[in-house]
Amino acid sequence: MKHIRNFSIIAHIDHGKSTLADRMIQLCSGISAREFKDQFLDSMDIERERGITIKSQTICLPFKARDGQEYALNLVDTPGHVDFSYEVSRALTSCEGALLLVDAAQGVEAQTLANLYLAMENDLEIIPVVNKIDLPSAEPEKVALQIEEDLGLDAEMTRYCSAKTGEGVQEILESIVSFLPPPEGDPKAELQALIFDANYDAFRGTIISVRIVNGTLRQGDTIRFMSNDAEYRVEEVGTFRIQRQSEKTLSAGMVGYIIAGIKSVQDARPGDTITLRDRPCAKALPGFKEIQQVVFSSIYPISTDDYEDLAAALEKLQLNDAALTFLKDSSAALGFGFRCGFLGLLHLEVVQERLEREFDVSLILTVPSVRYKCFLKDGSLQEIDNPAYYPDPANIDYTEEPYIKATILMPDRYMGSVMNLCMERRGENTTYHYPTPGRIELSCEIPLAEVIYDFYDRLKSITQGYGSFDYSLIDYRKSDLVKLDILVNGERVDALSQLVHRNNARARGLHACEMLKEEIPRQMFKIAIQAAIGGNVIARTTISALRKDVTAKCYGGDITRKRKLLEKQKAGKKRMKTVGNVDIPQTAFLAVLKSD
Ligand code: GDP
Ligand code: MG
């Protein structure tokens, strides 16, 4: 065990985590850059063909240190996004230490902080690493100072590297060996294995990534999941080399995989404890939580013929994404689709992109919603994440909505505009401090619903890309909620209904009307677009009827422009949904999702 080191790399997105991991793999496996690339791309292509994508990858690096000893360095990868902080925390629990990677040109960002706090909660030993020192704009000393003052980490420990050129990477591996503690645990004790990830393999089923905390596990053992008492027979255990390598046993301190004929990743829940049926441990490892979806949206295929393809694609995605949920849903306007649950808005975007790119289905998504609590007058509680099921307001006593604590890190010159943004979005209890001169860390309590509505994009544009953002759910609070409907020529387009705070209803309604007016092509008749709460119209626009020639507004002159317009209309046709007698293009649905 004293020759094992389990560590993780924590970083803000784009600070170079993947590049550094690649460089380390390459150094430890002793293969040239070209071979390395070929080898890796190959294994990725195979995985792609099987319909799975490499998400977090854990790898065991054999490393011969200066002391002449051979070490096994387990690099436990973590998902790189705020939506996945629970998964990150489970992965960190599997480690004794972490590299805190900071871009020498960007400095500390919000996710650096958020991940650092997670690591500290798990008592990890931390080695700060300043990356990208090869960049002309790099300011390694300044960033090191920031790490010391801002994060309170020991500057003596800071290492410098360029993951791109490889400079300094060997030294980091040495530091891992000398500064990070080896794992503890008793190989003879009852088995306690922590699940920190699960991946689906078309041939072998679910492959569970575990950290063995205590005990020893062998092929043929019968294991039990502590959260639900499910039992499986172990087919294979092993470690993560470049390819999976089967081993006779996995014992305390080791990181490795278990294959046990488990059909779906949903059955191997991160944070759960695995033990042995015949010699169970007394207590599960602490910290297990059920995954919670917080953002919901309905997904419809543009073409109803694609419904089966969409269903198959979602099933495939879910094989490897335990956090994605979906249920059949239907809409008068859009036909059959699925109500999907996500960990956050970025998770939603990733799923949308993968469905469109990998599975080649064009989609319409409805306005994302959080899950509200509706307390009814008869004393019952309904949890609502789909406007379609919003109860009759006459029966509602009151509603509550989820709040988050947002942490925003930015140069201080943007403070005023960011404060305004938070206030506009109903932020409360705003506090701030200056972690380093010139930079502000602002915290505020804000409804999740306000954040999923384009908050991140606005923040990025207000701070010209210098603001970074992180959040965690805190509680539910009372809210004055209304259901906003959109009517096109008097007909309600159910897929465009949204649940919104009363104070936002008019602005959202107006925005939706204007977006639709822009996106819906003029037709042979006048089209009225209205936003309404119950029977009350609160905003309206009109699209006037088409005269004769759509190209007339090009004033004759520019031929190419005319042709472009016609082509655009033709392409748009393919991506239309007809509601009543009005053709609504996909772009219109998407435009309503976005603010400005
Ligand atoms: P991740 O999001 O933290 O995994 O970041 P990546 O490893 O994907 O890197 C983000 C970008 O930074 C990529 O374009 C990399 O090529 C680049 N990058 C990473 N490390 C270095 C470095 O040391 N020097 C330079 N110049 N670029 C780097
Ligand atoms: Mg990456």
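A: First, the bookkeeping: helices (H or I, at least four residues) and strands (E, at least two) are DSSP runs, numbered from the N terminus. With that in hand, our spot is valine 108, which sits in the loop that links strand 4 (97-103) to helix 4 (110-121).

Before going on, a word on the ground rules. The model is predicted, so local features need pLDDT of at least 70 and side-chain atom pairs count only at pLDDT 80 or more, while totals for chains, interfaces and linings use all residues. Residues are numbered from 1 along each chain as its sequence is written, chains are lettered from A and ligands numbered from 1 in the order in which they are written, and side-chain values use heavy atoms, with hydrogens and water left out.

So, is valine 108 buried or exposed? It's buried, because its relative accessible area is 0%; buried means under 20%, exposed over 50%, and partly exposed in between (1.4 Å probe, protein chains only). Contact here means heavy atoms within 4.5 Å. Setting aside residues up to four places away in sequence, valine 108 touches Val102, Leu113, Gln146, Ile147, Asp150, Leu151, Leu409 and Arg439. For a sense of distance, take proline 182: it is 74 residues from valine 108 along the chain, and their C-alpha atoms are separated by 28 Å.

Where does that put us relative to the nonpolar cores? A nonpolar core is a set of buried Ala, Val, Leu, Ile, Met, Phe, Trp, Tyr and Cys residues joined through side-chain atoms within 4.5 Å. The largest one has 85 residues, and Leu355, Ile408, Phe469, Ile520 and Ile584 touch the most other members. Helix 7 (residues 307-320) gives that core its largest share, 6 residues. A second, separate core has 31 residues, including Leu100, Leu113, Leu124 and Leu409.

Let's step out to some other places, starting with serine 297 in strand 17 (residues 295-301). Serine 297 is buried too, at a relative accessible area of 0%. A polar atom of its side chain lies 2.9 Å from the backbone oxygen of threonine 366; a polar contact is a pair of N or O atoms within 3.5 Å, where within protein one must be able to donate a hydrogen and the other to accept it, and residues adjacent in sequence count only if both atoms are side-chain atoms. Beyond its neighbours within four places in sequence, serine 297 is in contact with residues including Phe338, Arg339, Cys340, Leu365 and Pro368.

Asparagine 74, in strand 3 (residues 70-76), is buried at 3% relative accessible area. Its side chain makes a 2.9 Å polar contact with that of asparagine 6. Among the other residues it touches are Ile4, Phe7, Ile59 and Val255.

For contrast, tyrosine 398 in strand 23 (residues 396-411) counts as partly exposed, because its relative accessibility is 27%. Leaving out residues up to four places away in sequence, tyrosine 398 touches Lys373, Cys374, Phe375 and Lys478.

Then there's ligand 1. A residue counts as near it if one of its heavy atoms lies within 4 Å, and 15 residues surround it, the closest being Asp14, Lys17, Ser18, Thr19 and Asp134. Helix 1 (residues 17-29) gives the most to this shell, with 3 residues. A polar side-chain atom of aspartate 134 is 2.7 Å from a nitrogen of ligand 1, and a backbone N or O atom of alanine 163 is 2.9 Å from one of the ligand's oxygens. On its own, ligand 1 has 580 Å² of accessible area, of which the protein covers 72% (Shrake-Rupley method, 1.4 Å probe; for residues, only the protein chains shown count as cover).

Finally, the whole chain: it holds 14 helices and 33 strands, and 54% of its 596 residues are buried. Of contacts between residues at least 6 apart in sequence, 69% join residues at least 24 apart.
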